[in-house]
Amino acid sequence: MTFDRGGQTAGRRGGQAVDSTGKDAASARLRLSYQVFCEIHGRAWLAFARTRIGNRADAELVVTAMRTDLAEQWSHALRHPLPAAYAWRLLKSHLHSWTWDEDALAVEATTFAAVIGGFKELAGESLRTEEDQIGLYSSILALPDRQRDAVILRYVLDLDDQEIAAYLDRPVETVRSSLRHARERLARRLGIAELPDRRAER
C-alpha cells in the first residue's frame with residue numbers, strides 16, 4: 001500500500017481507488033452541520049430552559065448536557081423528518097430530569113417569574129395584581145403540553161409560526177389554531193375579551 005501526495009490510499013475496491021480521506025471529510029461535514037444547527041436553535045433552547053428553570057447558569061448546564069447527547073445522536077437526528085423536533089424532545093427530556101431532581105417550590109417560583117415577565121406586554125393592564133398573575137400562570141400550566149409549549153415559544157420567546165411548527169412537529173395551521181384556543185382560554189381566565197396576538201401583527 002502506498003500513499004500519494006494528496007493523502008489518498010492507492011488501494012483498490014471493486015476496481016476503484018479508495019480515498020482514505022473520505023471518512024474524515026464525511027465526519028467533518030457531520031460536525032459542521034451539527035454546529036450550524038446548534039447556532040440556529042441554541043438561543044431558543046436556552047430561553048425555553050430559562051422559563052422552566054429560572055436562572056441562566058442552571059439553564060446553560062441543562063442545554064449543554066442536551067447538546068452533548070444531541071451530538072452523540074446527530075446522525076440519527078438528521079434522519080428524522082424534522083431534526084428540530086427531535087432536538088426539542090431531547091431538551092424536554094433533560095428539563096424533566098433536571099426539575100425532577102430540584103426543589104419543586106424553587107423551580108416553580110423561578111418559572112413563574114420568567115413566564116409572567118414574558119406575558120406582561122401581551123396581557124397589559126390585565127396583570128395588575130398578584131392574583132391576576134397567579135391566575136394566568138395557573139391557566140398556562142393547565143394547558144395541554146404541546147399547547148403550553150406553543151404559548152411559551154410564541155409569547156415568551158417570540159418565535160414565529162414556522163419556527164414553532166418545526167419544534168413541535170406540527171403543521172403551521174395546527175400551531176395557529178392551538179395558539180388561538182390558548183389565547184381564548186387565558187382571556188376567559190383573566191376576565192377580558194381577548195389577548196391580542198401582537199407577534200402576528202408585526
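I counted nine helices and two strands in the chain. Helices are DSSP runs of H or I with at least four residues, strands are runs of E with at least two, and both are numbered from the N terminus. The model is predicted, so local features need pLDDT of at least 70 and side-chain atom pairs pLDDT 80 or more, while totals for chains, interfaces and linings use all residues. Residues are numbered from 1 along each chain as its sequence is written, and side-chain values use heavy atoms, with hydrogens and water left out.

**Whole chain.** I read the order along the sequence as β-β-α-α-α-α-α-α-α-α-α. Next I looked up burial. Buried residues are 38% of the 202 in the chain. Buried means under 20% relative accessible area, exposed over 50%, and partly exposed in between, with a 1.4 Å probe and protein chains only. The accessible surface is about 11,900 Å², and carbon and sulfur atoms hold 51% of that. These areas come from the Shrake-Rupley method with a 1.4 Å probe; for residues, only the protein chains shown count as cover. I then checked contacts, meaning heavy atoms within 4.5 Å. Of those between residues at least 6 apart in sequence, 59% join residues at least 24 apart.

**Helix H1.** H1 covers residues 22-53, which is 32 residues. I compared its expected span, 1.5 Å times one less than its number of residues, with the model. His 41 is itself among the buried residues of H1, as are Phe 37, Trp 45 and Phe 48. Ala 47 also lies in H1, but it counts as partly exposed at 24% relative accessibility. Its C-alpha is 9.9 Å from that of Val 63, 16 residues apart in sequence.

**Leu 153.** This residue lies in helix H7, residues 145-155. Is Leu 153 buried or exposed? Leu 153 is buried, with a relative accessible area of 0%. Leaving out residues up to four places away in sequence, it touches Phe 48, Trp 88, Asp 158, Leu 159, Ile 164, Tyr 167 and Leu 168. The C-alpha atoms of Leu 153 and Glu 163 are 8.8 Å apart, at 10 residues along the chain.

**Packing on H9.** H9 covers residues 172-190, and it packs with H7 at about 90 degrees, axes 9 Å apart. Axes are lines fitted to C-alpha atoms, for helices over the stretch in contact, and angles run from 0 to 180 degrees between N-to-C directions. H7 is therefore roughly perpendicular to H9, a term for angles of 65 to 115 degrees. The contact includes Ala 150 and Arg 154 of H7 and Leu 179 and Ala 182 of H9. I then took H8, residues 161-168; its axis comes within 9 Å of that of H9, crossing at roughly 100 degrees. H8 is thus roughly perpendicular to H9. Here Asp 161, Gln 162, Ile 164 and Ala 165 in H8 meet Val 172, Val 175, Arg 176 and Leu 179 in H9.

**Positive phi.** Most residues other than glycine have a negative phi. Asp 158 has a positive one, about 65 degrees. Asp 158 sits in the loop between H7 and H8 and is partly exposed at 32%. Asp 169 also has a positive phi, near 60 degrees. Its place is the loop between H8 and H9, and it is partly exposed at 29%.

Conventions: Parallel < 35°, antiparallel > 145°, perpendicular 65-115°, else oblique.
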